[in-house]
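This walkthrough follows a predicted model. It takes up the ligand surroundings, the sheet, the domains and an annotated site in turn.

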Amino acid sequence: MELVTAEEMRRIDRHTIDAIGIPEIALMENAGRALADAVVRLVRRTGWHDMDAILLEGSKEPDAGEAGWGGGKPWAVLVGKGHNGGDGLIAARHLALRGVPVRIIYATPPEELRGEAARQRDIAERLQLPAGVYAPGAVDWSAMGGIVDALLGTGTGGTPREPYAALIREANASGLPIVAADLPSGLDPDTGQTADPCIRATLTVTFGLPKRGLVQYPGAEAAGTVLVAPIGIPVGLAAELGVSTWLLTPETLRNVLDADPDAPRQPDGHKGTYGHVLVAAGTRAMSGAGLLCATAALRSGAGLVTWAVPELLAESLIGAQPELMLAPVADGGRGDWLAADPLEVAAMAARRDALVVGPGLGRVPGSGVDGRGWLRRLWEALPPELPLVVDADALNHLAEAGDFAAWPKRPDATVFTPHPGELARLTGLPARDIQRDRIGVAREYALRHGVTLVLKGARTVVADPFGDVYVNPTGNPGMATGGTGDVLAGVIAGLLAQGYPATAAAALGVYRHGAAGDRAAAKRRSPASLIAGDLLAEL
Ligand SMILES: NC(=O)C1=CN([C@@H]2O[C@H](COP(=O)(O)OP(=O)(O)OC[C@H]3O[C@@H](n4cnc5c(N)ncnc54)[C@H](OP(=O)(O)O)[C@@H]3O)[C@@H](O)[C@H]2O)[C@@H](O)CC1
Ligand SMILES: [K+]
């Protein structure tokens, strides 16, 4: 399923209306009716499974409680002056038809509505649906059963102006369930940033295609449960018009990335069929990072995994995970990578199918005799076609090198797996700015540097070197704990060794890693007690 910006949605709407000929009013009628249908189901608790709308992957099932919402009281339908308001007016009409009482509350004088929204205002008036214009403090919210937020949609920008802002604040403070039309008013549809104020919805019914902002935090939280309602947009049109951002679902993995998450193992396969990973990770202080990473590579299905460690550690790690092979690297007796020769690691990697470097790597020499750092010497010595995952400390070394843009390009699979702090060091941008537009920043970095970028954090973003982006819905806050990143790096390396192309390996790895976290969290009393090792058994 594609994820769209407001501008992309406008182009898709326009094409549907102008080139295909479906009248705008038909799209709007479908939108308003789907919105009403969702409210009716919450009021009557009639269930979701036969609804003509899709629960967005990663969204919780809507919960109308024991009694259903509203207690028979009227629903306040908040109407803005654009088409989003038009959707709300259509929903109000369908709610009334289905026996749910409504009160229309215009944010601005109804004379200001234009186009299709004005037509809907006139229809509502002729049907004598109860309506009034908002005045601060004048609405008795305790008399209402719930709220439909049809104030601001994809045509708006910036912080809501008055009187919208005051109305949004009152709606949020009412404690009533809020169902948002298309997106919560105050949400930036492209980035997921929430304005002050922004509607806190219990449920968002988004029209045609999900907007990007609904799947990035804090927007994902403001939106609550997200239902995607079909309104008549032809299947395939988004792709035809060049939309290149997807929600990472099993269908996306299968149909866009040719990476079936349930692909069976070959019946006649042997360990050589599934590739050999070299993990260069771990020091005396952080051997666990290497162990998690290497074990995760095994669990991802790789045929063989060799764990390269500073020599001093090797003895004590024997048997730590019996399926792993250990490859001691000369370390001058230090137990870290400071004295290790990157050329030795490169030579080991050249005999394997993928290399992951970084987890628990600790310090490495900043610059060699010829002015080139440890990591760059490794980078240049590796066979260019060898799939490579660069994680954690290795990313920090790359950032410290400062001249990555001038490093020789690797033509084949190179995957970087930074969290926002690491990407901040790589780009020089404050982490806050990265979080403000995760999709945009990740896409630009991947395009510019010709790598596949995995920007970690809630709703991980995978950006490939050609401008395509995937947003992962799996995972949970319990995974915000040390070591889960090491597991992810190992999984991706394992998939690379099995022959998946970089984007497919990164996307499938991220999806499975999050799903493993969800299974592990479900087994515990609280997600907070999840530790990275729990993920290994669930991969
Ligand atoms: N196109 C289609 O076929 C379909 C579209 N559909 C629906 O249309 C929605 C998009 O409708 P839209 O383009 O009319 O924009 P919308 O968000 O309702 O508001 C525009 C108004 O907001 C105002 N405004 C702007 N910024 C503001 C601010 N910060 N604070 C306060 N006000 C602000 C701005 O006023 P102005 O600045 O011009 O005075 C303008 O009048 C879309 O989300 C979906 O719900 C569906 O029916 C399916 C078919
Ligand atoms: K809205």
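Start at ligand 1, which is surrounded by 28 residues. The closest of them are Gly82, His83, Asn84, Gly153 and Gly155. Sorted by class, this shell holds 13 polar, nine nonpolar and six charged residues. Two helices, α2 (24-44) and α3 (83-97), each contribute at least two residues to the shell. The largest share, five residues, is supplied by α3.

As background, strands of a sheet pair through backbone hydrogen bonds, and the pairing is either parallel or antiparallel. How do β2 and β3 run relative to each other, parallel or antiparallel? Strand β2 (residues 75-79) and strand β3 (residues 102-106) run parallel and are joined by five bridges. Within this pair, Trp75 stands opposite Val102 of β3.

On the scale of the whole protein, two domains are assigned. Domain 1 covers 6-242, while domain 2 is made of two segments, 255-261 and 278-538. Their C-alpha centres are 41 Å apart. Nine residues from domain 1 and nine residues from domain 2 take part in the contact between them. On the domain 1 side that touches domain 2, the residues divide into four polar, three nonpolar and two charged.

The last stop is a site taken from a record. In an unreviewed UniProt entry, the annotation "binding site" covers Lys456, Gly457, Ala458, Arg459, Thr460 and Gly485. Why can these residues be said to gather at one spot? They span 30 residues in sequence, but no two of their C-alpha atoms are more than 13.9 Å apart, and therefore they gather at one spot. One of the annotated residues, Thr460, is placed in the loop between β16 (452-455) and β17 (461-463).

How values were computed. Residues are numbered from 1 along each chain as its sequence is written. Chains are lettered from A and ligands numbered from 1 in the order in which they are written. This is a predicted model: local features need pLDDT of at least 70, side-chain atom pairs count only at pLDDT 80 or more; totals for chains, interfaces and linings use all residues. A residue is near a molecule or strand if its C-beta atom, placed from the backbone, lies within 6 Å of it. Helices (H or I, at least four residues) and strands (E, at least two) are DSSP runs, numbered from the N terminus. Ala, Val, Leu, Ile, Met, Phe, Trp, Tyr, Cys and Pro count as nonpolar, Asp, Glu, Lys and Arg as charged, and the others, Gly among them, as polar. Two strands pair if DSSP finds at least two bridges between them. Domain bounds come from an automatic or database domain assignment. Two residues are in contact if their C-beta atoms, placed from the backbone, lie within 7 Å. UniProt positions are given in the numbering used here, feature names are shortened, and annotations may be inferred rather than shown by experiment.
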